[in-house]
Amino acid sequence: MKAPADLILLPQWVVPVESEGPLADHAVVVLDGRILDMLPADAAQARYDAVQTLPLPGRALIPGLVNLHGHAAMSLFRGYADDLPLMAWLNDRIWPAEKKHVSEAFVRDGTLLAAAEMLAGGITTCNDMYFFPKAAGEAFLQAGMRATLGMIVLDFPSAYASDADDYLAKGLALRDDLKDEPLLAFAFAPHAPYTISDATFGRINTLAEQLGLPIHTHIHETDDEIRDSLKQYGVRPLERLARLGLLGPNFIGVHAVHVNEAEIGLLAQHGCHLAHCPTSNLKLASGIAPVDRFIRAGINLGFGTDGAASNNRLDLFGEMRLAALLAKGASGDPAILPAAAALRAATLDAARALNLDSQIGSIVPGKRADLVAVDLHALSGQPVFDPVSHLVYVAGREHVTHVWVDGKLKLNDRRLVNLDIDDLTARATYWRTKLAPQG
Ligand SMILES: [Zn+2]
């Protein structure tokens, strides 16, 4: 007798992102939101009786991409302030606009818009950091997207919270409310060393250890931030965090553009993870992170889009390709970050940084069915010698045709299943009018 299944997917290639390479003529079988089996296509048809069998000719089936750093709600600031250095961009444009406009409604609408963009581009999980994470969590749940919600902390007031204690209390209460949601996970998200005091970092570190949660923070993004830290604390930010005991396998540092050999050693020695955001670093002229040295030091690396205000695309195919090319060009070593490693960074390695790799990040029976079908049969992709090479160097998010999160179909033949594009566009237009009434 055949075993029951919800779905049999029959792509041209399965790319599991595990030790085994691309598998031709294989099936992936899904039951109850989980990957039940991966086996030769003929055997799958003989062994399973599925509610639906979906042939995906010309498609590569990959694990859903994991966006290791973003501020989803900032999609509403897309193109609002361009062509400025980080501190001028933050102080003169972004922070004043956030102070004036950011609210629960803003975060709900912006996160929903971002979730739609990410899902349509094959991103099934994101590591988010923004104000009003409750509104963001509700939007991710409405979209049916997996997210690690940052319990954001700053040592200055915002419309969301008054001081560090208030931020922490609100974050922890939210986690208590939502921690049983299967699509949501939580991390502490102290914004950056230049916005967080030693005392606040200390509290966060204690709580993160007690609760076994990641700490997600911006680090060494610009030279200015390092100079200011030397003035204020007498040490560079990473050294300061090391002294406070924050570095460890639950630490996700974002950017790490300006780091010396000793700091790379510290990050490696403590098993820290890094979120590399090459487009954001280029656009804000922060510089180019020394990815070749991270890799040689054995640091686990994922990619992030950062927010749409500094990118301005939430496109992980774009980040993956740019990261691979920049690492080669900047180091003079064409062998650094080969295609398979870039794809693994965008999936399994990023999942590992979030401590979610037992659930997602690769196509393995038992893991959740977060799956993406990518069309490699476009004319621009001909001929296909190696689907993994094409996924990094040829494919773009426009080649994504189907997306499942937890076994649920989110993108069907390039159409979002449960999100209304007209409604999202109307909301974005509403906020554009509020942000720039004369525009
Ligand atoms: Zn950021």
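**Note on the predicted model**

1. A256 is found in the loop between strand 11 (251-255) and helix 9. The model is predicted, and in it the phi angle of A256 is near 45°, a positive value in a residue other than glycine. A256 counts as buried because its relative accessibility is 0%, and the cut-off for that class is under 20%.

2. A second residue with such a backbone angle is H220. H220 is not a glycine, yet its phi is positive, at about 50°. Its place is the loop between strand 10 (215-219) and helix 7 (223-233). With a relative accessibility of 0%, H220 counts as buried.

3. Helix 9, which covers residues 261-269, has E263, I264, L266 and L267 as its buried residues. These cover an arc of only 155° around the axis, so they lie on the same side of helix 9. A262 and Q269 are exposed on the other side of helix 9. The cover over the buried residues of helix 9 includes helix 8 (237-243), strand 12 (273-276) and helix 11 (291-297).

4. On the chain as a whole, the secondary structure of the protein chain amounts to 15 helices and 17 strands. A compact globule of 439 residues would have a radius of gyration near 22 Å, and the protein chain, at 21 Å, agrees with this. Along the principal axes, the C-alpha atoms of the protein chain fill a box of roughly 70 × 45 × 45 Å.

5. Of the 439 residues of the protein chain, 58% count as buried. Among contacts in the protein chain with a separation of 6 or more, 71% are made by residues 24 or more positions apart.

6. The loop between strand 14 (371-375) and helix 14 (387-393) holds H377. Is H377 buried or partly exposed? H377 counts as partly exposed, because its relative accessibility is 45%. Residues up to four places away in sequence aside, H377 touches Q12, G58 and Q382. From H377 to A268 the C-alpha distance is 40 Å, and the two residues are 109 residues apart in sequence.

7. Q382, one of the residues that H377 touches, is joined to P383 by a cis peptide bond with omega of about -10°. P383 is found in the loop between strand 14 and helix 14.

8. Another cis peptide bond leads from N311 to N312, with omega near 5°. N312 lies in the loop between strand 13 (300-303) and helix 12 (316-331).

9. T401 is part of strand 15, residues 400-405. T401 counts as buried, since its relative accessibility is 1%. Apart from its neighbours within four places in sequence, T401 is in contact with R59, A373, D375, L411, N412, D413 and R414.

Conventions:
Residues numbered from 1 in each chain as written. Predicted model: local features only at pLDDT ≥ 70, side-chain atom pairs only at ≥ 80, totals over all residues. Heavy atoms only, no water. Helix = DSSP H or I, 4+ residues; strand = E, 2+ residues; numbered from the N terminus. Rg over C-alpha atoms; globule rule 2.2 N^0.38 Å. Buried < 20%, exposed > 50% of the residue type's maximum accessible area, 1.4 Å probe, protein only. Contact = heavy atoms within 4.5 Å. Arc of directions from axis to C-beta.
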